[in-house]
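Please keep the sequence and the model at hand while reading.

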Amino acid sequence: MSIDLKNLKLVPFTILACVIMQVVVSFNVFGFLLPLSIVVWTVCLLSFIVVLYLYAREGKMSNYGMLWVSYLFLILLSTTLLNGTSLKLLSRIIVDCTLFMMLVSYYQHNIVYLIKCCNIVFSGIIYLNLALMIMFPNWMFAAENVFDSFLLGGNYNQMGGRLLCGIITSVLCIKFDKRWVINTIGLIVVSLITLAIVGSMTALSGIIIFTLFCLVPFARLQRIGLLSFFIFYLFFQIFVCFNGEGLHNNELARYIIIDVLGKDITFTYRTTLWELASRLFADSPIIGYGCVDRDWYVNHMTSFAIGPHNFIWGQLINGGVLLLSLLICIFIVAIRRILTCFDRMACVLTFGLCTLLFMMLMEVYPLFLVLYLLTFIYYYPLIVEQTEALKNGTSETT
């Protein structure tokens, strides 16, 4: 009896669950979670080998996939040959990202099912995280570090990106079945409560903005909002984040940020981090420094915060102009693909990515979260095709 791997349900669900937990859950917060962390990593590693074999047998790769492989290879090249930084962190990133991409490509004939699986896993983790925080308020003091004591991302500033991706996944599932709106509302409420408890204002603002955008009733107004929000993101990145501490000398910026917005001109010392990042970038602008870890940031930047707290500066440190150029190409390929069937859900999905980028003006979330949303954007035409087939009562597309 032969087994049709492409029609299995439990296998892709298990792999997706392990990959998402690997990225979203911080097992190192509590010592007793170490065995579970080892199990999840082992499953991911074994799955990577098996799926790589199955993927290689098909002998085809999309332009989107080739660009991501080039992206990861460039980081690997910069890390090993040019800078000699640790491979421990990079190995996990490569396994998580490539395993997810290969799995989606291999099971793309049933991508609707994969999205539902991701929704179930994300939702379960998000609900569990808040439940633990409420039922056991003293659980944080059992952690190794009280500043990195949250199951969802470790540090409270890391929760936002994970919560947002869970909400976006649930919103996308509404396209398949309207009943998913109940779960979406639940995730939004739980996420807002969670972020209000821990006090992550950037993430809280991002999720509120995304929620309000989803409630806009007119498609044309949504598209205008999407374009405006993206232009604002570019403006902020170029004229604020790239300015670093030079922002302090800009009278217009001081007026808007301090007098109008009532904010700290340093954005809680982030301008200092951006300034330090710019100096590091100036020393290695082409290839960067590779996949650097916490110790490297402490030695080369500062010890009061880890990393540049800005996604674009993080990319420039990891791989310089070459890496950022590759990432821009990946974005262009994915966006051009979704524009072929740009309905309201496509607009919401793209706005979700913009919201993640907006939140990453102040924080650096795992690369996997960016890849996660971009992959569903790239495969959105296939999602539309399969959704229509399911609604018409026909079999899954092949």
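This is a predicted model: local features need pLDDT of at least 70, side-chain atom pairs count only at pLDDT 80 or more; totals for chains, interfaces and linings use all residues.

The largest nonpolar core comprises 139 residues, and within it Trp-68 and Tyr-71 have the most contacts. Helix 13, which covers residues 311-338, supplies the largest share of this core with 13 residues. Once neighbours within four places in sequence are set aside, Trp-68 is in contact with Met-101, Leu-327, Ile-330, Leu-367, Leu-371 and Leu-374.

Turning to the aromatic rings, the model holds 22 aromatic pairs. One of them joins Phe-122 and Tyr-372, whose ring centres are 5.4 Å apart and whose planes meet at 65°, so the pair is edge-to-face, the cut-off for that class being over 60 degrees. Because Phe-122 belongs to helix 5 and Tyr-372 to helix 15 (residues 367-378), this pair ties together parts that are 250 residues apart in sequence. Phe-122 has 0% relative accessibility and therefore counts as buried, and Tyr-372, with 0% relative accessibility, counts as buried too.

Another pair is formed by Phe-232 and Phe-358, with ring centres 6.2 Å apart and planes at 45°, so it is classed as tilted. This pair links distant parts of the chain, since Phe-232 lies in helix 9 (residues 219-241) and Phe-358 in helix 14 (residues 344-359), 126 residues apart. Phe-232 counts as partly exposed at 37% relative accessibility, whereas Phe-358 counts as buried at 16%. Both residues belong to one aromatic cluster, formed by Phe-213, Phe-229, Phe-232, Phe-236, Phe-351 and Phe-358.

The two pairs are set out here.

| Pair | Centre distance | Plane angle | Class |
|---|---|---|---|
| Phe-122 and Tyr-372 | 5.4 Å | 65° | edge-to-face |
| Phe-232 and Phe-358 | 6.2 Å | 45° | tilted |

Helix 14, which carries Phe-358, has 15 of its 16 residues buried, so this helix is largely enclosed by the rest of the structure. At 1.5 Å a residue, the 16 residues of helix 14 should span 22 Å, and the end C-alpha atoms are 22 Å apart, which agrees with that expectation. The N-terminal end of helix 14 is capped by Asp-343, a side-chain oxygen of which lies 3.3 Å from the backbone nitrogen of Met-345.

Asn-119 counts as buried because its relative accessibility is 0%, and the cut-off for burial is under 20%. Although Asn-119 and Ser-170 are 51 residues apart along the chain, their C-alpha atoms are separated by 5.6 Å.

Ser-170 itself is placed in helix 6 (residues 159-173), and at 0% relative accessibility it counts as buried. Its side chain makes a polar contact of 2.9 Å with the side chain of Asn-183. With neighbours within four places in sequence left aside, Ser-170 is in contact with Asn-119, Trp-180, Asn-183, Thr-184 and Leu-187.

Notes. Residues are numbered from 1 along each chain as its sequence is written. Side-chain values use heavy atoms; hydrogens and water are left out. A nonpolar core is a set of buried Ala, Val, Leu, Ile, Met, Phe, Trp, Tyr and Cys residues joined through side-chain atoms within 4.5 Å. Buried means under 20% relative accessible area, exposed over 50%, partly exposed in between (1.4 Å probe, protein chains only). Helices (H or I, at least four residues) and strands (E, at least two) are DSSP runs, numbered from the N terminus. Contact means heavy atoms within 4.5 Å. Rings of Phe, Tyr and Trp (its six-membered ring) pair if their centres lie within 6.5 Å; planes under 30 degrees apart count as stacked, over 60 as edge-to-face and the rest as tilted. The expected span of a helix is 1.5 Å times one less than its number of residues. A polar contact is a pair of N or O atoms within 3.5 Å; within protein, one must be able to donate a hydrogen and the other to accept it, and residues adjacent in sequence count only if both atoms are side-chain atoms.
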